[in-house]
Each structure stands twice: as structure tokens, then as C-alpha cells.
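I opened my notebook to jot down a first look at this structure.

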Amino acid sequence: MAALYSRPLRALFALTPKVFAARCAVQPGKGIASCIDPSLGLTADQKEFQKVAFDFAAREMAPHMAEWDEKEVFPVETMRKAAQLGFGGIYVRPEVGGSGLTRLDTSIIFEALSTGCTSTTAYISIHNMCVWMIDTFGNEEQRHRLCPSLCSMEKFASYCLTEPGSGSDAASLLTSAKRQGDNYILNGSKAFISGGGETDIYVVMCRTGGSGPKGISCLVVEKRTPGLSFGKKEKKVGWNSQPTRAVIFEDCVVPVTNLIGSEGQGFSIAMKGL
């Protein structure tokens, strides 16, 4: 039987209970034994915000995780509490309300938060990516208009890339945006959008040019924009603390001022964001 296990596992199983206990750590705030100390190799600052995230997950998320999933609750107020700790715009610049941390720092925080509720943390990660896209590729007016309320999670964001006919093949997306004067007329649909119907800002990858990746641009569409609608909430096995719906555009009028970056830059933004 031992041959079925790798050498590290066999070595672990050979430890006496006393030595095994000495080499194991308890996850902060969780009371769960782990044979890997999650703070190993981190800087002092990283250990500090990791602990803050672990504590928040244990106190504000884990006790409610099962109820959120069973009752399909989108925990807005809990996420706003997380934003008060700087988790609404972790790798967004401080001048627009972000925490100004790195992507590595961000992954440490998300890993810790996920011990409280994986699906809620997954949505928070999507929200952060949307704010980062606006902060990184948007102009000054867009950054200062949109990012502060997203970093505080007064408003929430969704990322709209996947379509019914193009998931991983993002360069084949069909949602179109035709320029008419000072507006784009957006038509098409996006599938399986986290937060769809509940969020306020939709970062949409759409086709303003020809086929292929160079024809894709990025638009911000705000909730209650005429022509924007949503499909029914998807039924899922788990992952229910974030609503998932189709996002539908039917002659949806979006101001040119909501173009993030330049025309044709959308695919590059999408890849850098993911």
C-alpha cells in the first residue's frame, strides 16, 4: 500500500504523533490543522494583511457561508466590510481609493479570504480585476469617476467576456459595438456573468472592428442603461453566494466616453486582467 504514496507522503506518515503535531500549524482564526504554515516565506507586511484576511474570513464569512449558499444570498454588506479593510481595490492605486498592493499580495489575501467562503471570495477577485482594468487602462476622468465607489464597494462590478458561443476562445466573441456619433450601439449577449443583474458596473469586451483579437474593445456599461437586460438566475450546485446570469445588450446606447483604453485594445486588456 505504501508504494501507492509519494516519498514525501510516506515520510509524513512515518512521523510519530508528537513530531507530526510539532510540524503542523493551525490556520489563524480557523482552528484547522495544516501541515504547511501559510505564512512561510512571506514578508512581515504580507503576514500582517494575511492575518487580517484570515481573521475577517473566520469572523464575518465562515459562520454565514452555508446560509448564503442555501438561500442564494449575495452578501453585499459583508463585502462592504471587507472593502473597509482595503479589499475592494487591493491592487488599485491609492489616489482613487485602492490599497496599492501587488498581485502577489492580492493572491495572499484572496487565499486567506477563501477559507471563509470560496464563492464570495471568487466574486471579490472578479470585482478587483474590473477596478484594476479601469484604473490601469482608463483615462484620468474615468479613473476618478468610477474607481472610488468601486474600491469602497458602494458599487459592484462584473466582468463580461464569455458568450454563449465563445468561452475560452475569447478572440471569437461576437457582441458588437457600432459607433454612432458620440455613442456606441451595443448588441449581443454574455453568458455566466458573476454578479449579473445585481451589480452596478459591467466591464464589457465587445467587437468594434474586424474579426480576431485586434477588433475587440472594452466598454463600461452602467446599470439601468437603456437596452441592458439580464437573463434568469442560473441554478448551480454550490457557488450560490454570487448570482450568475446572462447579460443582454439590445441597441444598448453607451457613451464613447466609457471606452476603456483605445479601440482594438480590449483583447490585450482582457488577457492582462486574467
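Here are my entries, starting with the ground rules.

**Ground rules.** I am working with a predicted model, where local features need pLDDT of at least 70, side-chain atom pairs count only at pLDDT 80 or more, and totals for chains, interfaces and linings use all residues. Residues are numbered from 1 along each chain as its sequence is written, and side-chain values use heavy atoms, with hydrogens and water left out.

**Helix 9.** I looked up helix 9, residues 266-273; helices (H or I, at least four residues) and strands (E, at least two) are DSSP runs, numbered from the N terminus. Its buried residues are G266, I269, A270 and G273. By buried I mean under 20% relative accessible area, with exposed over 50% and partly exposed in between (1.4 Å probe, protein chains only). Looking down the axis of helix 9, I find these buried residues within an arc of 100 degrees, so they line one face of the helix. That arc is taken from the directions from the helix axis to the C-beta atoms.

What covers them? The cover includes helix 6 (103-113), helix 7 (118-137), strand 3 (157-160), strand 6 (201-207), strand 7 (216-222) and strand 10 (259-260). Contact here means heavy atoms within 4.5 Å.

**Salt bridges.** Next I turned to charges. Side chains of opposite charge can pair when their charged atoms come close. I count a salt bridge when a side-chain nitrogen of Lys or Arg is within 4 Å of a carboxyl oxygen of Asp or Glu. That rule gives 15 salt bridges.

**E60 and K81.** In this salt bridge the closest N and O atoms are 3.5 Å apart. E60 sits in helix 3 (residues 44-61) and K81 in helix 5 (residues 76-84), so the pair ties together parts that are 21 residues apart in sequence. I noted E60 as buried at 16% relative accessible area, while K81 is partly exposed at 40%.

**K71 and E67.** Here the closest N and O atoms of the salt bridge are 3.4 Å apart. Both residues belong to helix 4 (residues 65-71), four residues apart, about one turn of the helix. K71 is exposed at 55%, and E67 is partly exposed at 37%.

**D135 and R93.** This salt bridge has its closest N and O atoms 3.3 Å apart. It links distant parts of the chain, with D135 in helix 7 and R93 in the loop between helix 5 and helix 6, 42 residues apart. D135 is buried at 2%, whereas R93 is partly exposed at 36%. I also traced a network of salt bridges linking R93, E95, D135, E140 and R143.
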